Amino acid sequence: MPWTRPPNEPSPRGGELPVISFIVRRTMFGLLVLWIISVATFVLFFVAPHDPAKVIAGRLATPQTVALVRHRLGLDQPVLTQYWHFLSGLLHGNLGYSFYSSTSVNSLLASRLPVTVSLAAGAAVIWLISGVLIGVLSASHPRSKVDRGATVFVLAGLSTPTFLLGILLIYICFYRLHLIGINWFPAGGYVPFTQSPYEWFRHLVLPWVTLALVSAAVYSRLTRSSLLDTMAEDYIRTARSKGLTERTVLYRHGLRSSLTPVVTQFGIDVGTLLGGAIVTENVFGLPGLGQLAVQSVTNQDLPVIIGIVLLAAAFIVVANIVVDAVYAVLDPRVRLG
Amino acid sequence: MSVTVLDTALGGGEDDTFAGRSTLASAWIRLRRDRVAMISVAILVALVVIAVAAPLIAQAVGWTPTQQDRTHGLTPDGLPMAPSARHLLGTDNLGRDILVRTVYGARVSLLVGVVATGLATIIGVVVGVLAGYSSGAVDTGLSRLMDVVLSFPFLLFAIALVSIVGPGLSISVVVITFFSWAGIGRVVRGQTLSLREKEFVEAARSTGAGSARIIVVEILPNLISPVLVLATLLVPTAIVFEATLSFLGLGVAPPTPTWGNMISDSLPYYSVAWWFTLVPGVALLLITLAFNLLGDAVRDAVDPAAQRTVTERR
């Protein structure tokens, strides 16, 4: 959910090397969060009434086959032993092997990651540019037609579920255009950048827009309110009274400091995107991590699910740390408590 | 605080209507004058009535939500039927009446949206107030707990959870609640932190009021406005969350109609049966739009200062 993160609440304490101790502390906490998430995922699958061995052996398997599969997967060992295996593998950077395809989780994730990163990065560029642009336009002309139009855009963006927008885009940009002989956009699928940058781009345009819209709405709203707040500051009045043009005041003085909350939000969203691309990937048939997640859940492929959840959580945790550090650097008023 | 423009043309505080009234009472008056808010309320009331009266509507139309029209439900090619006198909004891929299914779908959306929001709000307020008021280890512990919940890749984890426990109405509510309360908790904690230091709380403390009394009498009433705004804006988020779970096949199990699973079913037919996607899609859009507009209006009504400054700043 697009929860806007409240500004950091600085604590009055300061250390010898505040930045380093701050980053160390944040990293330790990040690792703790990751560990908790890994345990939660692990426990979840063990308290589950499902038996992965049964699912994997197939519906017609004899009890002997199921027992064999269970033994081969190590599922007949005590839970703690299994967890220990998993944890020691994890500490060596090895996420284990898929129950289903016997390939390593690492290589599965590595093969899916480029798709999700392509999707997330392109969408991020689109929403950042359009969101900030719309926010600046509407804040610099409050109550104008532009501003009202921007508000309608924000509301539409916030209210449209991602999957609905994806279907709408496929219908209009693929199907309707296809009917009149224009084949600009394919309905889905993925072509690696290394194979054909043009096809890569063509296949990703609709997914990018789909994923970007909601965030673009959030960002334009964020930029608008932040810029309006900044433009009421005393130093802006000073800049105006110096005789600077409104344009210079806005872009040189106003925009710079009002982008801090946007940067904060951006770091958080980039981390969340990895998990959040699930819907877009499923609508457009993109073979990314989100699609793998849904498949693995259907197959009860425990190691893959844990791997994806951990990877996604790691991105969020790292993004949070980076944001906090960047925020502190950008805004000297924030003390590193 | 963000400010929207689709708003009231309110004069602000210069007339006498607001004199001597409580914050909430004057907010209510402002809200009543807001045309957009009242239209949203009308739409939402209509949707609630439709959801409650779903069996009556089904009876009037003559189809149940899971009933397949075996004679005229599908075209000779086995495709959904376009809207006609027999099926006012057409049929789906199994020859079921879309109007009746959409009407029943409203029940799921509203129920999950409102119940999950209510639960998340209660948990968020309790945890947020406890954390904000009690400082020290309790605050640290609860704040970290909220950080952990907010760090979860929630859709991913929700998918994993639902697939294990099995899809259903109550698990959808539990999942949505679990991933929504921390957002409210965080804001409430921040508000409580600043309220705790206010003079009137200090005054209450100096007259010998205990913590419980201060929280209930002094702090909670001051949290109503921000929580009201957050909760109104959480409902559409929860509804979209439910629809997304249903869309991915992890929500309320078929054949029970939800807007999410109807839209998911309609995917292969988007080129031949526009009504199949459009009807539940528009319903979903209408409900989220109405709640978002209402949430913005509530925010403007409880915090008119945020609005007035925009014009004054120019």
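## Chain A: contacts and composition

In chain A, residues 24 or more positions apart account for 73% of the contacts with a separation of 6 or more, a contact being two residues whose C-beta atoms, placed from the backbone, lie within 7 Å. Buried residues (20 or more other C-beta atoms within 10 Å of their own) make up 40% of the 337 residues of chain A. Chain A has 14 helices and zero strands; helices (H or I, at least four residues) and strands (E, at least two) are DSSP runs, numbered from the N terminus.

## Basis of the model

This is a predicted model, in which local features need pLDDT of at least 70 and side-chain atom pairs count only at pLDDT 80 or more, while totals for chains, interfaces and linings use all residues. Residues are numbered from 1 along each chain as its sequence is written, and chains are lettered from A in the order in which they are written.

## Chain B: H6 against H7

Helix H6 (residues 154-165) of chain B packs with helix H7 (residues 169-196) of chain B at an angle of about 155 degrees, their axes 10 Å apart. The axes are lines fitted to C-alpha atoms over the stretch in contact, and angles run from 0 to 180 degrees between N-to-C directions. H6(B) and H7(B) are therefore roughly antiparallel (angles over 145 degrees). The contact involves Phe154(B), Ala158(B), Leu161(B), Val162(B) and Val165(B) of H6(B), and Ile171(B), Val175(B) and Phe179(B) of H7(B).

## Chain B: H7 against H9

H7(B) also packs with helix H9 (residues 211-247) of chain B, at an angle of about 155 degrees and with axes 10 Å apart. H7(B) is therefore roughly antiparallel to H9(B). Residues of this contact include Ile176(B) and Val187(B) of H7(B), and Leu223(B) and Phe241(B) of H9(B).

Notes
Parallel < 35°, antiparallel > 145°, perpendicular 65-115°, else oblique. Buried ≥ 20, exposed ≤ 12 C-beta atoms within 10 Å, placed from the backbone.
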